[in-house]
Amino acid sequence: MSTLPFLITLALCVAALFFLRQWHRHRRHAGVALRPALFSGILLTGGLWVAGIDMGWQRAPFMWLGILSMVALFYVILVNLRQTSEPGA
Amino acid sequence: MQRDTTRKYYALYSWVGAVTAILLFIIAFTGAMSVFGRGELQVWSNESIRGLDNIDLPAIELLLKEHAAQVDPAYHDHVQVIFPGPHAGNTLAMIFEKEVEAPQGGHIHEAIWLGFDPETLELIERHEGEINELFLNRPSNMSDFLITFHGDLHLGSPLGLILTGLLGLTLFASVITGVVIHPKILKELFSLRPWRSLRLLFTDTHKVLGVWGLLFHGTIGFTGAYLGLTAAVLIPAGAFVSFGGDQEKLIATFLPEIEPVMTGAPAEMHLTRPLLDLQAEHDSVIVGSAIYHGWGDEGAVVAFSALGGSSLSGETHEYSAATGEPIQHYSGFGRLQGVTKYLLDAMVPLHYGNFGGFWVKLTWFVLGLGTALVSVSGMMIWLERRAYSSEGSLSAAQYHWIGKFTAGCCTGVVVATLSLFHAQLLLSVPAAQMGQALGTVFFGTWALATCWALLRPNAYLGTRELLFIGGLIAMTVAPVNGLMTGDWFISTLRQGHWITAGVDLALLASGILMILAARAIPGQRPLRERSSRAEQVVRNEALNSDYTEGATP
């Protein structure tokens with residue numbers, strides 16, 4: 001995978017996780033949860049599309065899933081570290 | 001689901017995990033490193049190919065023809081060229097093979113192996129013997145050592161392969177039972193509570209790493225089991241059932257050999273023309289080797305093995321060796337019918353992450369470290385629950401020993417792996433004995449590290465000290481590399497030897513991270529929970545003494 005598509009897919013996955021987390025918070029309230037779910041879906045599809053254009057559709061889904069898993073691990077760790085280290089957390 | 005069933009799954013999950021956690025960590029960690037084995041580490045380990053930008057194809061073609069004319073024509077059954085480079089070998093190799101009937105039936109492949117310096121093309125080694133023996137006994141380096149260790153723990157086939165295959169199955173089973181016993185997986189998708197308590201930190205880390213890497217862990221487990229068990233169990237069993245024990249026949253059924261249409265008319269063989277055509281047509285492919293079938297004949301075929309095409313797995317590109325015209329190209333199992341070919345083709349690239357260049361490898365490396373951490377965090381939870389609460393049938397002291405052993409084995413294998421980099425630079429032994437020397441350093445360091453951890457008062461201190469030592473080892477690789485080979489970090493950057501510079505830099509960064517991690521780990525279990533345990537012990541003693549006093553007449 002080339003560097004630029006990799007970075008774009010990475011950024012789209014980070015943005016998707018931001019909305020995915022919002023959906024996760026409000027998932028019991030369909031009205032509130034719909035918009036972040038939609039946004040994250042669009043961003044994730046965008047990431048897959050960029051990977052697919054660069055690598056071909058046989059290889060892209062595996063790479064896309066790999067990037068999403070990797071980004072999610074860092075995202076969850078960093079977000080929680082930041083939140084709990086804030087005053088009053 | 002019934003509560004009893006969940007409990008049974010939990011018992012299975014925790015015991016399978018506890019029994020295999022250390023081995024899984026070792027396999028997963030060395031696997032993560034092996035992702036860079038065929039490529040970056042191969043280049044770093046071989047001074048001769050560090051600066052190799054281009055190979056002189058016309059000169060290699062000339063050399064091939066020259067040596068083909070010199071060897072006995074009986075050795076022209078298969079003529080193979082292995083190009084020097086990150087995905088193939090550290091020397092340019094030419095192998096001339098002949099098929100002979102084996103006394104016990106089937107065929108064996110006798111070969112003449114010629115090794116050339118990749119830059120000067122000077123003949124530096126010549127070996128004769130059975131082809132598999134020659135491949136097994138060829139000079140190795142730390143990259144080969146790591147890949148083999150990950151594959152069979154250096155126990156060989158079938159024992160090592162069966163063991164790693166079974167560990168792959170264990171990982172796969174743990175993923176499935178892990179999902180079943182964690183009904184709140186979706187709820188805890190984003191929860192990580194690092195500062196509340198140690199046990200919660202271990203539990204949350206285990207869940208987050210496990211859930212987000214679920215597909216990766218499952219894939220690695222399944223493909224690992226396939227790769228380990230196929231060679232050791234499935235092929236022999238399949239051959240026994242369907243081919244009267246003839247494994248060669250079974251393999252030929254699934255992977256038919258290239259059969260050139262021989263005309264009997266002599267023709268000049270080509271290498272440069274078809275290879276340049278191939279590279280022009282598929283600009284992203286990296287060609288590792290070329291095999292000629294029917295050398296010297298007008299109908300001869302040359303098959304190039306290449307990585308980096310549009311398909312997930314490596315591809316074979318067939319060309320006419322006489323005219324240089326393309327014939328066909330296909331993936332490893334591409335000549336099979338149906339979905340099977342896609343499934344079988346996907347096994348190796350999905351396991352090693354070698355299907356899309358550096359960024360795929362980096363992603364696989366990070367996720368592979370995640371797999372290693374899942375197993376060790378699971379073990380820590382298992383120990384925490386038993387050493388500091390009422391679960392478990394052993395004494396607290398026995399659980400502490402298990403904890404120290406786990407710390408020594410797991411952190412020790414990291415230290416031992418890092419020591420291989422120094423060993424590769426500092427050992428001056430003949431190339432053929434390098435593998436053995438690396439083994440002595442690796443297993444010696446590992447054993448020392450484990451003993452060190454066992455002698456420390458607790459697992460935390462052992463882990464902390466070993467991480468610190470590992471950090472120092474990693475940080476000193478770049479200067480030692482400069483001293484021993486003259487490839488100082490700045491000079492490698494100036495010369496554009498990006499891989500060598502990248503490995504040095506990555507090790508320096510890893511060393512710094514390990515030292516920071518060592519500083520963050522407490523020298524003993526955090527006091528708050530220790531005191532609660534201490535209180536529990538005091539409480540238990542008080543209860544016992546009450547009972548004893550009450551029972552005494």
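This is a predicted model: local features need pLDDT of at least 70, side-chain atom pairs count only at pLDDT 80 or more; totals for chains, interfaces and linings use all residues.
1. **Chain B in outline.** Of the 553 residues in chain B, 42% are buried. Among the contacts in chain B with a separation of 6 or more, 68% join residues 24 or more positions apart.

2. **Chain A in outline.** Chain A holds three helices and zero strands, and its pattern along the sequence is α-α-α. The C-alpha trace of chain A spans about 45 × 30 × 15 Å along its principal axes. Buried residues account for 36% of the 89 residues in chain A. For contacts in chain A with a separation of 6 or more, 61% are between residues 24 or more positions apart.

3. **The sheet of chain B.** Next, look for the eight strands of chain B, which form an open sheet with antiparallel pairing, in the order β4-β3-β2-β1-β5-β6-β7-β8. Strands β4 (123-130) and β8 (326-331) of chain B stand at the edges with a single partner strand each, so one side of each has no neighbour in the sheet. From one strand to the next, the twist averages 20 degrees.

4. At one end, seven bridges join β3 (residues 107-116) of chain B to β4(B), and the two run antiparallel. Here B:Leu114 has B:Arg126 of β4(B) as its bridge partner. At the other end, β7 (residues 315-320) of chain B is joined to β8(B) by five bridges, again antiparallel. B:Tyr319 is partnered there by B:Pro326 of β8(B). The hairpin of β7(B) and β8(B) has five residues between the strands, and in this hairpin B:Gly324 takes a positive phi near 80 degrees.

5. **A helix crossing.** How do α2 (residues 37-45) and α19 (residues 498-520) of chain B meet, and at roughly what angle do their axes cross? The axes come within 9 Å and cross at roughly 95 degrees. The two helices, α2(B) and α19(B), are therefore roughly perpendicular to each other. On the α2(B) side the contact is made by B:Glu40, B:Leu41, B:Val43 and B:Trp44, and on the α19(B) side by B:Ile499, B:Thr500, B:Gly502 and B:Val503. Sorted by class, this contact of α2(B) with α19(B) has five nonpolar, two polar and one charged residues.

6. **An enclosed helix.** Helix α6 (residues 142-152) of chain B is worth a visit: eleven of its eleven residues are buried, so this helix is largely enclosed by the rest of the structure. Its buried residues include B:Phe145, B:Leu146 and B:Phe149, and also B:Asp144, B:His150 and B:Asp152. Just after α6(B), B:Leu153 takes a positive phi of about 55 degrees.

7. **The nonpolar cores.** The largest nonpolar core has 111 residues, and the members that touch the most others are A:Met63, B:Phe25 and B:Phe29. Helix α13 (residues 358-387) of chain B gives the most to this core, with 14 residues. Leaving aside residues up to four places away in sequence, A:Met63 touches A:Met1, A:Ala51 and A:Met55, together with B:Gly356 and B:Val360. A second, separate core of 34 residues includes B:Val79, B:Phe83, B:Val285 and B:Leu307.

8. **Where the chains meet.** Finally, 22 residues of chain A are in contact with 25 residues of chain B. On the side of chain A that touches chain B, the elements giving two or more residues are α1 (3-25) and α3 (60-85) of chain A. Helix α3(A) gives the most to this side, with 14 residues. By class, the residues on this side of chain A divide into 13 nonpolar, seven polar and two charged.

Key
Residues are numbered from 1 along each chain as its sequence is written. Chains are lettered from A and ligands numbered from 1 in the order in which they are written. Two strands pair if DSSP finds at least two bridges between them. Helices (H or I, at least four residues) and strands (E, at least two) are DSSP runs, numbered from the N terminus. Axes are lines fitted to C-alpha atoms, for helices over the stretch in contact, and angles run from 0 to 180 degrees between N-to-C directions. Angles under 35 degrees count as roughly parallel, over 145 as roughly antiparallel, 65 to 115 as roughly perpendicular and the rest as oblique. Two residues are in contact if their C-beta atoms, placed from the backbone, lie within 7 Å. Ala, Val, Leu, Ile, Met, Phe, Trp, Tyr, Cys and Pro count as nonpolar, Asp, Glu, Lys and Arg as charged, and the others, Gly among them, as polar. A nonpolar core is a set of buried Ala, Val, Leu, Ile, Met, Phe, Trp, Tyr and Cys residues joined through C-beta atoms within 7 Å. A residue is buried if 20 or more other C-beta atoms lie within 10 Å of its own, exposed if 12 or fewer, and partly exposed in between; C-beta atoms are placed from the backbone.
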